[in-house]
Amino acid sequence: MCWYVGKDNRNITVMAYWDHAGATSAAVSGIAAKAAMGETLTAPKVDSVNSFDAPNAVAPKPAMVKLQGNQLSLTLAPKSITVISIQE
């Protein structure tokens, strides 16, 4: 798993490399976070592509992100990229 926090601390990208879903959490600092929402990009196989036969094989889906105080938690889909936006 790899976390990337944007310069403004409001956008976080998390990449999950494993073959199973996994829970993760992190503390939010530097801003007064009031809400968080996210989108996950994943597919049945890591090399899946969209085609005319399967136009939505790879498509973003809402991510279930929880924010309690300054603690951010979510469950990552296997082989996925999740982008989280934090609102002040």
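The following exercises, with worked solutions, concern a predicted model of a protein.

**Exercise 1.** Determine how many helices and strands the secondary structure of the protein comprises, and in which order the elements run.

*Solution.* Begin with the count: the protein has zero helices and eight strands. Next, read the elements from the N terminus, which gives β-β-β-β-β-β-β-β.

**Exercise 2.** Describe the extent of the protein and the sequence separation of its contacts.

*Solution.* Along the principal axes, a box of roughly 45 × 25 × 20 Å is filled by the C-alpha atoms. Then take the contacts between residues at least 6 apart in sequence: 64% of these join residues at least 24 apart.

**Exercise 3.** Locate lysine 79, state its phi, and classify its accessibility as buried, partly exposed or exposed.

*Solution.* First, the location: lysine 79 belongs to the loop between β7 (71-76) and β8 (80-87). Second, the backbone: phi of lysine 79 is near 45°, a positive value in a residue other than glycine. For comparison, most residues other than glycine have a negative phi. Third, the accessibility: buried means under 20% and exposed means over 50%. Lysine 79 has 36% relative accessibility and therefore counts as partly exposed.

Conventions:
Residues are numbered from 1 along each chain as its sequence is written. This is a predicted model: local features need pLDDT of at least 70, side-chain atom pairs count only at pLDDT 80 or more; totals for chains, interfaces and linings use all residues. Side-chain values use heavy atoms; hydrogens and water are left out. Helices (H or I, at least four residues) and strands (E, at least two) are DSSP runs, numbered from the N terminus. Contact means heavy atoms within 4.5 Å. Buried means under 20% relative accessible area, exposed over 50%, partly exposed in between (1.4 Å probe, protein chains only).
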